[in-house]
Amino acid sequence: MIKIAKGDGNNQSNNEYIFTITYNANGGKGTMAVDTVYYGYSAEIKACSFTMDGSYFMEWNTDPKGKGAPYQAGFLMPLDRNITLYAIWSETPGYAVDL
């Protein structure tokens, strides 16, 4: 991986240009590592490893109620800011619910 820094390069820290994807279980159980991505690169959205008793994982979403931008595992997301993706759950496999 090559770091791409923005700005004039005069003693600027590249840490200003490192962004994260945080995965939130949104009521589920488990842990997932945060993805770290340099400015100018894309991160592949991970498959959900969280679980929720009696529910099925439907998608990742930028809003915990599923009202934001939806994402599926494998999508290549270019980052220009930190982002949290929330697990969206349904009691019925294959059907989204209005939370």
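The model is predicted: local features need pLDDT of at least 70, side-chain atom pairs count only at pLDDT 80 or more, and totals for chains, interfaces and linings use all residues. Residues are numbered from 1 along each chain as its sequence is written, and side-chain values use heavy atoms, with hydrogens and water left out. Five strands form an open sheet in the order 2-1-7-4-5, with mixed pairing.

**The sheet**

- Strands (E, at least two residues) are DSSP runs numbered from the N terminus, and two strands pair if DSSP finds at least two bridges between them.
- Strand 2 (35-38) and strand 5 (70-71) stand at the edges with a single partner strand each, so one side of each has no neighbour in the sheet.
- Strands of a sheet pair through backbone hydrogen bonds, either parallel or antiparallel.
- Strand 1 (residues 18-24) runs parallel to strand 7, and four bridges join them; here tyrosine 23 has leucine 85 of strand 7 as its bridge partner.
- Strand 4 runs antiparallel to strand 7, with five bridges between them; phenylalanine 57 stands opposite tryptophan 89 in strand 7.
- Strand 4 (residues 56-61) is also antiparallel to strand 5, through two bridges; tryptophan 60 has tyrosine 71 of strand 5 as its bridge partner.

**Burial and the core**

- Seven of the eight residues of strand 7 (residues 83-90) are buried, so this strand is largely enclosed by the rest of the structure. Buried means under 20% relative accessible area, exposed over 50%, and partly exposed in between (1.4 Å probe, protein chains only).
- A nonpolar core is a set of buried Ala, Val, Leu, Ile, Met, Phe, Trp, Tyr and Cys residues joined through side-chain atoms within 4.5 Å.
- The largest nonpolar core has 17 residues, and Ile21, Tyr23, Phe50, Trp60, Met77 and Leu85 have the most contacts inside it. Strand 7 gives the largest share of this core, four residues.
- Phenylalanine 50 touches (heavy atoms within 4.5 Å) residues including Tyr23, Trp60, Ala87 and Trp89, not counting residues up to four places away in sequence.

**Aspartate 53**

- Aspartate 53 lies in the loop between strand 3 (42-44) and strand 4, and counts as exposed at 63% relative accessibility.
- The side chains of aspartate 53 and lysine 29 are joined by a polar contact of 3.4 Å. A polar contact is a pair of N or O atoms within 3.5 Å; within protein, one must be able to donate a hydrogen and the other to accept it, and residues adjacent in sequence count only if both atoms are side-chain atoms.
- The C-alpha atoms of aspartate 53 and glutamate 91 are separated by 9.3 Å, while the two residues are 38 residues apart along the chain.
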